[in-house]
Amino acid sequence: MSETKPIALDAMGGDHAPHEIVAGAVHAVRERGLRVVLVGSPRVLYETLADHDATKEVPIVRAEEALAMDEGALASLRRPRSSIAVACHLVRRGDASAVVSAGSTAGIVATGRLRLKAQQGVLRPAIAVALPTLPRPTLLLDAGANAEVKPEMLVQFAHLGATYAELAHGVQSPRVGLLTIGSEAEKGNKLVKRAHELLQSSPGLQFTGNVEGHDLLTGKVDVITTDGFTGNVALKTMEGAVQYAFAEFREAIGDSRLARLGAVLQRSRIRELRRRLDAEAHGGAVLLGLNGTVVIAHGSSKAPAISAACQLAADLSAGGIVTAVGDRISATSRSHRLW
């Protein structure tokens, strides 16, 4: 049996790079049994690994540059030897199984598209985020890669999400919803209305109709398709609302001795709720539709989140997410000439 290829971890991307990224890599290797290679400045990374006594456990691949967190898509062209570019190159030439980065989302998307290329038949790669619904996560895509789309792209995002739901969450015939301003078929702009028509007739999809913003965390569907602008706004709004709710909850508990006692009695359930609603605990977003597995961790990720992102990347790569997406897009294109 051939040895599992390592995860290429962009050690220079993220608000807390490289120290938290390196700590996450060490955790992934020691606690999860994963193979990880760090991509970035050898001197800095070696010193940081030495702090964890892990210089012999995690190899380093040199990268001359790094993308700043405030750099956009054009940085992928200006910095051809950036750490995220080198990480993608490792996957492209077969030396790594997947890429993980907590760097600039725009930079990751642009570099991934440039270095790994979109899979055949894929119009635009899309970012898929797992929302913490019960009994299983709901996938929202696109969550920020494509601000302007065509109706056909929304249909293809639905197929990308359905493939992810089947492979990663074991969902048979995932239910697909289209995010808009009303549940009725005629609600929405021209883009949404046309996408609704195409989704209804697209083979291999269990399209259940429109969903609204208040449906994001209800588990009403398994996949929600939308454009990247709307999806990103919806995601950030939801994250902000959850943070606000927990802040208010903490303040309310602190105002009353009885409330504090109740919180102590329910602390295991509260802890589980916080874990479920913590976006970093789920490993990050996945950029679907490229010739390689790419996981985008939150920019503020600390070591546990980076470790979780490496685990997600390893699981998706081992499960054959790239092949599964390619097979689905190919089959859909043959049976229904949307693309």
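**Close-up views of the predicted model**

**View 1. Pairing of strands β1 and β2.** In this predicted model, strand β1 (residues 7-10) is joined to strand β2 (residues 36-40) by four bridges, and the two strands run in the parallel sense. Within this pair, D10 is placed opposite V39 of β2.

**View 2. The sheet as a whole.** The open sheet is built from 11 strands with mixed pairing, in the order β3-β2-β1-β4-β11-β10-β5-β6-β9-β7-β8. Its edges are taken by β3 (60-62) and β8 (206-211), and because each of these has a single partner strand, one side of each is left without a neighbour in the sheet. From one strand to the next, the twist averages 25°.

**View 3. Strand β10 and its two partners.** Strand β10 (residues 285-288) directs A285 and L287 one way and V286 and L288 the other way, and all of these residues are buried. With strand β5 (residues 126-131), β10 pairs in the antiparallel sense over three bridges, and V286 of β10 is the bridge partner of A128. Three bridges also join β10 to strand β11 (residues 293-296), again in an antiparallel arrangement, where A285 stands opposite I296 of β11. The strands β10 and β11 form a hairpin with four residues between them, and G289, which lies in the turn, has a positive phi of about 105°.

**View 4. Helix α11 across the strands.** Helix α11 (residues 303-319) lies across β1, β2, β4 (98-101), β10 and β11, and it runs at about 155° to β11.

View 5. Residue I321 belongs to helix α12 (residues 321-335), and it counts as buried because its relative accessibility is 3%, where the cut-off for buried is under 20%. When its neighbours within four places in sequence are left aside, I321 is in contact with T163, Y164, L167, L288, T293 and L316. One of these contacts, T293, is 28 residues from I321 in sequence, while the C-alpha to C-alpha separation of the two is 7.4 Å.

**View 6. Packing of helices α4 and α5.** Helix α4 (residues 83-92) packs against helix α5 (residues 105-115) at an angle of about 35°, with the two axes 9 Å apart, and the crossing is right-handed. The contact is made by I84, A85, C88 and R92 on the side of α4, and by I108, T111, G112 and R115 on the side of α5.

Technical notes:
Residues are numbered from 1 along each chain as its sequence is written. This is a predicted model: local features need pLDDT of at least 70, side-chain atom pairs count only at pLDDT 80 or more; totals for chains, interfaces and linings use all residues. Side-chain values use heavy atoms; hydrogens and water are left out. Buried means under 20% relative accessible area, exposed over 50%, partly exposed in between (1.4 Å probe, protein chains only). Contact means heavy atoms within 4.5 Å. Axes are lines fitted to C-alpha atoms, for helices over the stretch in contact, and angles run from 0 to 180 degrees between N-to-C directions. A crossing is left-handed if the near helix is turned anticlockwise from the far one by less than a right angle, and right-handed if clockwise. Two strands pair if DSSP finds at least two bridges between them.
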